[in-house]
Amino acid sequence: MFKGLGGFGDMAKMMSAAKDMQAKMAEMQDNLSSITVTGESGAGLVKATATAKGELTGLDIDPSIFVASEKEVVEDLILAAIKDAQRRAQERAQSEMSRISQELGLPPDMKLPF
């Protein structure tokens, strides 16, 4: 395409690849909003649902744990479920970023900007 222009042909290729990467990154960001993960604690008594972006979208608490004297335990279970959901969201986001990196031919250990 740009044979007579020396290194400019490579520059055009790089710019095109950068635009492709930017489009794939934007698509991945949109997809992370629609991917959900569920974290749980207390053998499933408390479940927290979040998007792969880490936004909490739901909380499910088994009514059997609502005992006034167990308030601190319930609070701990809720926090543990939320932290588990956030950890799973982060893992899923990293997995999606790795997949995009591989599709773009980038090194697997390359950190993408988010």
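Trainee: Where is Leu 79 found?

Mentor: Leu 79 is in helix α2; helices here are DSSP runs (H or I, at least four residues) and strands are E runs of at least two, numbered from the N terminus. Bear in mind that this is a predicted model, where local features need pLDDT of at least 70, side-chain atom pairs count only at pLDDT 80 or more, and totals for chains, interfaces and linings use all residues. Residues are numbered from 1 along each chain as its sequence is written, and side-chain values use heavy atoms, leaving out hydrogens and water.

Trainee: Why does Leu 79 count as partly exposed?

Mentor: Because its relative accessibility is 48%; buried means under 20%, exposed over 50%, and partly exposed is in between (1.4 Å probe, protein chains only).

Trainee: OK, and how far is Leu 79 from Ala 48, C-alpha to C-alpha?

Mentor: 9.1 Å, though the two are 31 residues apart along the chain. Ala 48 has Leu 59 in β3 as its bridge partner.

Trainee: Switching to the sheet, what's the strand order?

Mentor: It's an open sheet of 3 strands, β1-β2-β3, with antiparallel pairing; strands pair if DSSP finds at least two bridges between them. β1 (36-41) and β3 (56-61) are at the edges with a single partner strand each, so one side of each has no neighbour in the sheet.

Trainee: How many bridges join β2 to β3?

Mentor: 5, with β2 covering residues 46-51.

Trainee: Last one: which helix does Met 15 lie in?

Mentor: Helix α1, residues 8-34. Met 15 is partly exposed too, at 47% relative accessibility.
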